[in-house]
Amino acid sequence: MEQYLAGLDDLLTKLASAQDSETLRNATSTLNTQYYTTENCVPALVEIIGRSAHFQVRQLAAVELRKRINKWWPEIQESNRTSIRSQLLQFVLNEEKELVRHMIARVISSVARLDVPEESWPELLTFLNQACASANAGHREVGTYILFTLFEVIADFFMNNMGPLYELFNKTLVDPESLKVRVTTVLILGKLAEFIDMEDKENIKSFRDMIPAMVNVLEECLKNDDEESAGEIFEVFDTLLMLDTPLLSNHLVDLIRFFLSIGANQEVNESVRVMALSFLMWAAVYKQNKIRSLKLVGFLIEGLMPIGAEEDPEDVDEDSPSRLAYKVLNALATNMPPQQVFPVIMPIVINYLQNQDPAFRKAGMMAFAVIVEGCAEFMSPKLEELLPLVCTGLGDPEIVVRRAACMALGCLAEELQTEISKHHRELLPLVFNLMNDTNPEVTKHACNALDAILEGLGQEVVQYLPMLMEKLLVLLDNVTQTETKATVIAAIGSAAHAAGSDFDPYFAQVMPRIRVLMNMKENPDQLLLRGVATDTAGTIAQAVGAEKFHHCTQDLMHLAIEQLQLDSNRLRECSYAFFSILARVFGEDFAPYLPTVMPPILASCKAEEKEDGILQGEIDLTTGSMDGEDDDDDLAAFGFNSALADEKEFAADALGELFENTRSHFLPYVEASVQELSQLSYHLFDGVRKSVTGSLFAFLRTFYTISNPGEWTPGLPLKYTVHENVQNMISVVMPAILTMWKDEDDRTVVVQICQELVQVLKLMGPVVVAENMEEIARNLLEIFEKRSVCQQAYDDEDFVDEDEEAESESLLIGSAADLVAALCGAIGESFSSYFDVFLPLVSKYYKKTKTASERSMAVGTLGECISGVKSAVTPHTQRLLQLFTKATSDDDQTVKSNAAYALGVLTLYSQLDLSSQYPTILTALYPLFHDQPLPNTTDNAAGAVARMILAHPNAVPLDQVLPTFTTALPLKIDFEENEPVFACLFNLFQSNNAWVLSHTAQFLQVFTHVLSDEEQLKESTRAHLIELIRAINAQSPNLNIPSSELARFL
């Protein structure tokens, strides 16, 4: 044994002092093959820990011992184990070097992990009690550190008997001599917290009582400039925020005040301030209900704004107090109701924008930029007042303000695309001017803002194209900053997207430059540009179409396929997006590329995700791996690589695009694709799950469309059949989607599931949901009752006012409501029992305290539901009549428009005779025929009056109503309402209504207009109208129809 011991000691000494890889490799190999192959290594390593004079060797021996415990400890005789346990406890107390002490403590916890559950080491707890209560501060430090390592591995063992430990922690948290004891106690409590059950009131109370003392320890660390320990304690508080168990609730106000005071204190080290502000950011996410109920939103905003006025570091990726302040504001805006954020922050923003100090003007503009994401809907009606603020910022003499204003404009353009694009005449000249700015950062952000505006500009871009393309091409050829060049390339793509075929004149100038960029591969900057150029090439293909792009296809496809081999996740994403777009542009002509592109796409779906540094651990010098206490499977469970996740998102999305566009050519790849998509439906990353949802539904739609289906019929049980392949696909896709939905914690994924279901119901009818109706209804009910997984706030114990909701919640409710309406349409009157349940849940969103978009959603959904369930609405007629009549005088135009439609379908389908209510309804509708800024409103009002006449013609005073009714004709935008309008006119002509006959010439003008546009009437209505014109011509030759534009229909 002595010889074995000496050899082991010698090898560890060489390893600890090795300067070259050869010595390391040889020593490691010898250890693995000659020393670590039997249980003798355990007592030998213990011996070396106890006797080596070199602390590096003692530390390395402890590292190596810890890794061998799992395998060899059960093989050692009990008498030897008793001796080793005793030695380890002695060594850890006597060791002078802290690093070695900590490593021996971890050896002890590795042994305890095996022994304590078996009750084989009762002496350990006695030792810990004595060490933690010792008069020697060093012994107390050892005792608490061992406890910390034990809580890392066997915390559950302690949970049934926490009383004595809380007594101990109350003492060690205020240790009179050692800050290390106090800090380690906080770290233990951080581990302990993870094991406290939500229902365990006794443990929760004991833990909460210690929060003030934990904060005191943090304050001491800050006073002593012990940044490392402070950082560890900040992490503990971050963890406490994220736990479901409400451990911070009683102290949250004080904690937020304390952390904000640290974040705002410029005398404190910046990295500490960043950690304090980071806590506030997570609080906005995980304690949103508590912050709302305690009315802390305003307090936080007021405290954060001055921090935003501090200088930002040069490095755009470096965190700083000012940047964290903006992140906290963004978290507040996206997690709180906009009513609680926007009205508080805007007066401060306006005040800052008027400040003489450019740092404050920058802070005001940045704060404005970061709240757009969460307050966009709320800001939309106020855009006319807000936009001048941004325009002023764009012309500010200071670079930092101009840059912030560009970011604000970019955010507005991204979130409120349609609204911003209406202001192109005032915005684009300002942006063009900034593209000439001498500061490359301003140029870059100007191009970003331009890119966002162009996305929503459509044909309006054509007037700017000559100047725009000239500027962009000059910048592309001359700018040196990679990020700016990338933004310019993207902006060219957006210009092409907006211009469509009007981009043709610039095609020949742009494509050679794109090709050069798609050939780059020398360094990371070039690969970035190559990726953006690939994206832009795809956008241009879509703009100019197959014929124009055809001669570039082979060359660019070759480059896009080549870059799959360049070991870049981002380039693979770009290639998959490019393949998807070209499949859209060329349709089935893209099929010859499938054998080349499908293997890498499926390989990306299958790729294993490994992320370095996901879990903390020592590197095993002998194998190069993490320490061996966790099985490989455990590590894999946490493995998450965001770059690979993005690649998988694009790969999954491409599968749906390729099948939808190449149709039957894709059939050989369907089985493998569905298998991969099903696997990815469990992926950690919400973007991947969204792509999976989109592609699974695309597969369903494609199978249906290639099966040459007939018309579907509403109702359950089903009254029609679909092809066997379609039915098989439904039985694969729907269970996968419903499994995802049941456990989905991300609202945007649930929103997409609802939206996709709406689309397939409209396309395929009730066959999609026939087998799963109960489960879908249950899921929807959970959303309306705020019980779905994705709505579970982390602080549910706090009641908040339901009338004010974050915009992401409103979006979720809106998509659920759309699905209810689609189910009404697909299932019809047999959906009545479900409609009875959903009606009050949707109706409650029509009240004054709700936002305009929520009120509009409620009224619009109810109208759509009625047109689906038809006579099944009858029991609810009076209640809905009252709601819709009130809504016709709402402040919001869309609400009025939806209310007009809803009144029309209610009067048409309700079996209740509403003729006595007609005067009230007509009075409510009358103002909607005059001076409406939204054309839909008058169109829907005309549709409503037409339905009322169809339902009870004798209850309508036609001579009074028809003159107003005809002023709305022809309809301006909502051509679906032409159906009831013309059905009504046909009836009036057929019944020889005197007013209609006397105004036939006026109606012929309307007929001329609607027949000149194929889109305005359904085929059957168009045919009926032509018959009517022929009849009028026969009856009234004096109208001279043969010499009018209608002659071609005679």
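The exercises below concern a predicted model.

**Exercise 1.** State how many helices and strands the protein chain has, and give its overall dimensions.

Solution. Step 1: the secondary structure comes to 51 helices and 0 strands. Step 2: the C-alpha trace spans about 125 × 70 × 65 Å along its principal axes. Step 3: among contacts with a separation of 6 or more, 72% are between residues 24 or more positions apart.

**Exercise 2.** Classify Thr-149 as buried or exposed, and list its contacts beyond its neighbours within four places in sequence.

Solution. Step 1: Thr-149 belongs to helix H8, residues 137-158. Step 2: its relative accessible area is 0%, so Thr-149 is buried, the cut-off being under 20%. Step 3: with neighbours within four places in sequence left aside, Thr-149 contacts Ala-105, Arg-106 and Ser-109. Step 4: for the chain as a whole, buried residues make up 55% of the 1050 residues.

**Exercise 3.** Place Asp-315 in the chain and determine which surface patch includes Asp-315.

Solution. Step 1: Asp-315 sits in the loop between helix H17 (297-308) and helix H18 (321-335). Step 2: Asp-315 is partly exposed because its relative accessible area is 41%; a patch residue needs over 30%.

**Exercise 4.** Find how far apart the mean positions of the positive and negative charges are.

Solution. Step 1: the protein chain carries 78 positive and 149 negative charges. Step 2: their mean positions are 2 Å apart.

Conventions:
Residues numbered from 1 in each chain as written. Predicted model: local features only at pLDDT ≥ 70, side-chain atom pairs only at ≥ 80, totals over all residues. Heavy atoms only, no water. Patch = residues over 30% accessible without salt bridge, like charges linked within 9 Å, V, L, I, M, F, W, Y side chains within 5 Å. Areas by Shrake-Rupley, 256 points an atom, 1.4 Å probe, with all protein chains shown as cover. Salt bridge = Lys/Arg side-chain N within 4 Å of Asp/Glu carboxyl O. Lys, Arg positive; Asp, Glu negative; His and termini not counted. Charge placed at Lys NZ, Arg CZ, Asp CG, Glu CD. Helix = DSSP H or I, 4+ residues; strand = E, 2+ residues; numbered from the N terminus. Buried < 20%, exposed > 50% of the residue type's maximum accessible area, 1.4 Å probe, protein only. Contact = heavy atoms within 4.5 Å.
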